[in-house]
Every structure is written in structure tokens, then in C-alpha cells.
Amino acid sequence: MSDPLQPGVTVTRTVQPPAAVAAITSAVTAVASDAAVAPEAVGPVGLNEADRSWTLTVIGDSTGTGADGWVHYLGKRLGRAYQRPVTVYDWDLDCACYEENTATDYPAEPGSTAAAQIVVRNGSAAGKTGAYALDYFDQMVPEHPDLVIINHGHNNGTSREAVNEIGQLTSTLTNLYGADLPIFITEQNPRFDFGAEKAQTTAELLETEFGGGPYELINVFDEFGATGDLESVLTEDGLHPSEPGNVLWAAVVARAIGLPAA
């Protein structure tokens, strides 16, 4: 591989061969359904406290951008699960900030009695790496988050560089907000473009570096591979999630962070 793992470490990961469209539909439905979430799940700390606001911060790249992306799907699911209003603030590359006038509001469902808002800071910056997030950290994480998802790797030159920057982000977050802050790291999707090998190596290296904790890994890589048909969960560029891919990605994240049935 172009970016080998540490000496003596061998991890094998295989993406399934192409399969029928029915297989991908079945896989997306299974993971996206509420049945895929453990019934005993109580959800992230603080979300059951309906009288206080709760903030999710996503630090990532273009795989999380857009109102039709997995971050917005996840925001809507949070609102449904806890019957609370949600506002998603998308990162603006032009100002390197969250523009208030571009926020997307998802009102609570009729009959909801919870008033405290869920805030989603979608710091997904197209074409950027973890180094960019470190440079603009104060703007990207403007308040104490209740949960953080780091979703980087695709834009780095090497897997080692990507994992090192992710490590710097986790250190910065814990130094500022304490070791109790829930931090989740995404093993990003497999690819069928020129970056396929690097994506696999990055996922393997994340397992090696962080698989034993203290942070939780969100294994999008294997979930996408298990569909057996990457062309159904990725767009034609072989990198970004398609609509079914965004639905699947949001469901994988929801399960990883312990959301109850929506």
C-alpha cells in the first residue's frame, strides 16, 4: 500500500463485490430502520434533559455537506427521537464561519412539549483536512459541544497525515472541554476512484490507533462495503455519498451514538 501501517501491524479489510440492486436496498433499509438501534439505548448524555439546549458539532469534509446530506438527516432524526426543535448551521467557506442567515430550522413535531433546541454545527468543509479545522477551531467550535463527530481523511495526502491530524483534533477538544466529552471518529466510506486504496488504509490505521479507545469509531467503511454495491451508495465520482448513501451514513451514525427509536 502507498501509506503502510506501523511495522508488525496487519489488518485485513475487504469490500464486498458488486451485487444486485435488491441487496443494497435491503442493507440500507436494515441499518436505517429503527429496529437497527438497540432497544435499550438511552441516547447521548444530555438529550433527555428537555429544558436545556444540546449541541452536536461535526468536524469534517465534503462527505457531510449539503441540506440533503447525512448531517441534516441525522439532525432531523435527533429532533424526531427527542421531540425537540433542531437548527443546523452549515459551515461557510467564504467567511470561515457559520452564517446565521443560512441556518436550517427543523421545527418540533406537533404536540411536542420540549422547548429547548438541539443545535447542529455542521463544520463540514469541502476540500479541507483536519489541519484546516485546527486553523479555524475557535470558529468551528464556538461553544461547548455535547458531542463531537470527526469526519476527516479523504482530502489528506497520506493516511498517516490524516490520522495524525485527527489525533490533534481530539487532543485540542479534550484539553478544552475535558476527557468526558463524547468524541466519535468516522471510518469514512470506501471509494471506487483513485483514492480507493488510501481510504482503506486510513480506515485500517484508525482501527489501529483508536480501536481500543478512548474515542468511539463509527464504521461507515464496512457498512458501505457490506451493501455489495458501492455504485448505489456513492455518486458517479466514486467518493461522495449518494442519496441512499447519506441515508445509510446517518443511520450508521445514529446507531453508533446510541439514538433510541425515532
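Tutor: Let us begin with a term: a contact means heavy atoms within 4.5 Å. Helices (H or I, at least four residues) and strands (E, at least two) are DSSP runs, numbered from the N terminus. This is a predicted model, in which local features need pLDDT of at least 70, side-chain atom pairs count only at pLDDT 80 or more, and totals for chains, interfaces and linings use all residues. Residues are numbered from 1 along each chain as its sequence is written, and side-chain values use heavy atoms, with hydrogens and water left out.

Student: What is the mean pLDDT of the chain?

Tutor: pLDDT is the predictor's confidence in each residue, from 0 to 100. The chain has a mean of 86, and 83% of its residues reach 70 or more. Over residues 1–21 the pLDDT is below 50, and this stretch has 39 contacts in the model beyond near neighbours in sequence.

Student: Which residues of H2 and H9 meet?

Tutor: From H2 come Trp70, Tyr73, Leu74 and Arg77; from H9 come Glu243, Asn246, Val247, Trp249, Ala250, Ala251, Val253 and Ala254.

Student: How is the packing of two helices described?

Tutor: One gives the angle between their axes and the distance between the axes. Axes are lines fitted to C-alpha atoms, for helices over the stretch in contact, and angles run from 0 to 180 degrees between N-to-C directions. Here, H2 (residues 70–82) and H9 pack at about 50°, with axes 8 Å apart. H2 is therefore oblique to H9; angles under 35 degrees count as roughly parallel, over 145 as roughly antiparallel, 65 to 115 as roughly perpendicular and the rest as oblique.

Student: How long is H9, and which of its residues are buried?

Tutor: The expected span of a helix is 1.5 Å times one less than its number of residues. H9 (residues 243–256) has 14 residues and reaches 20 Å from its first C-alpha to its last, close to the 20 Å expected. Buried means under 20% relative accessible area, exposed over 50%, partly exposed in between (1.4 Å probe, protein chains only). The buried residues of H9 are Gly245, Asn246, Leu248, Trp249, Ala250, Ala251, Val252, Val253 and Ala254. Just after H9, Gly258 takes a positive phi of about 85°.

Student: Is Asn48 buried or exposed?

Tutor: Asn48 counts as exposed because its relative accessibility is 57%. Asn48 lies in the loop between helix H1 (21–32) and strand E1 (54–60). Asn48 and Ala81 are 33 residues apart in sequence, and their C-alpha atoms are 10.0 Å apart.
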